[in-house]
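Visitor: I would like a short tour of this protein model. Could we start with its side chains?

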Amino acid sequence: MKHIAQILSFSLALILAITFTTPVFADTNPPEDTAHAYHFRTAREYDAPRYVLNCHTNGAVVSGTKVSLWQATGDISQEWYVDWTSYGQYNRTAVLRSNQNKSLALNANRSAVGTICDMLPSNGNIYNDYNVTLEGDHSVSPTQVKLRLPARYNHTSPVFVTTHGIQNYCTWNYTGVNQTWYMADGPSKQK
């Protein structure tokens, strides 16, 4: 009986030693979260008027759907699946997909500065036209980010998702008013 108690004591001590010596945050990747999507809003405060990055449609999000700034309604067209491609505290990269149709990605098209942001299939497309850098510190919530694509083709500098006011389409520009977004999970609809 004494021998069994010693084995149990040793086993418990070993389990505790392993538990307390393994860092809780050893993995720098964000947790896999498929229970809900993210939304990108223009105000940090939860109770402020909510204007969000929106796939401009009354139906399904399809290839070519334009992206706009819209009043938060909680509709799935305002939900974004963030498909992470790099991790870390600052300036992570991701493919921003419509939560309604994850085969589509926010894309720059690269035709010219001022091009309207739209949704295009990522399969067969140019990776750097939809692998967005979420500039900002990702250790705070909601994360304040700017959505940037690198300079390529006729874009001599990085381009950012830029808004032009409620119910207007977003465009890719070098600089712009209201290009800071607050990325948060949970419902986008104002309470």
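Guide: Rings of Phe, Tyr and Trp (its six-membered ring) pair if their centres lie within 6.5 Å. Planes over 60 degrees apart count as edge-to-face. Keep in mind that this is a predicted model.

Visitor: How many aromatic pairs does this rule give, and of what kind?
Guide: The count comes to one aromatic pair. The ring centres of Tyr-127 and Tyr-130 are 5.8 Å apart, and their planes meet at 80°, so this one pair is edge-to-face.

Visitor: Is Tyr-130 buried or exposed?
Guide: Buried means under 20% relative accessible area. Tyr-130 has 9% relative accessibility, so Tyr-130 counts as buried.

Visitor: Which residue has its charged end over the ring of Trp-84?
Guide: Look 5.1 Å from the centre of the Trp-84 ring. The charged end that sits over this ring belongs to Arg-92.

Visitor: And which residue lies over the face of Tyr-81?
Guide: Go to the ring centre of Tyr-81. At 4.8 Å from that centre, over the face, lies Lys-102.

Visitor: How many salt bridges are found in the whole structure?
Guide: Side chains of opposite charge can pair when their charged atoms come close. A search of the whole structure gives a count of two.

Visitor: Which strands does the salt bridge of Asp-83 and Arg-97 link?
Guide: The side chains of Asp-83 and Arg-97 meet at 3.0 Å, N to O. They are 14 residues apart, and the pair links distant parts of the chain. Asp-83 is in strand 4 (residues 80–86), and Arg-97 is in strand 5 (residues 90–98).

Visitor: Which of these two counts as buried?
Guide: Asp-83 has 25% relative accessibility, so Asp-83 is partly exposed. Arg-97 has a relative accessible area of 12%. The buried residue is Arg-97.

Visitor: What is the N to O distance between Glu-135 and Arg-148?
Guide: These two residues form a salt bridge. It links strand 8 (residues 131–137), with Glu-135, to strand 9 (residues 143–149), with Arg-148. Their closest N and O atoms are apart by 2.3 Å.

Visitor: How far apart are the C-alpha atoms of Glu-135 and Trp-181?
Guide: Trp-181 is in strand 12 (residues 180–185). At 0% relative accessibility, Trp-181 is buried. Along the chain, Trp-181 and Glu-135 are 46 residues apart. Their C-alpha atoms are separated by 9.9 Å.

Technical notes. Residues are numbered from 1 along each chain as its sequence is written. This is a predicted model: local features need pLDDT of at least 70, side-chain atom pairs count only at pLDDT 80 or more; totals for chains, interfaces and linings use all residues. Side-chain values use heavy atoms; hydrogens and water are left out. Rings of Phe, Tyr and Trp (its six-membered ring) pair if their centres lie within 6.5 Å; planes under 30 degrees apart count as stacked, over 60 as edge-to-face and the rest as tilted. Buried means under 20% relative accessible area, exposed over 50%, partly exposed in between (1.4 Å probe, protein chains only). A charge sits over a ring if NZ of Lys or CZ of Arg is within 6 Å of the ring centre and within 35 degrees of the ring normal. A salt bridge is a side-chain nitrogen of Lys or Arg within 4 Å of a carboxyl oxygen of Asp or Glu. Helices (H or I, at least four residues) and strands (E, at least two) are DSSP runs, numbered from the N terminus.
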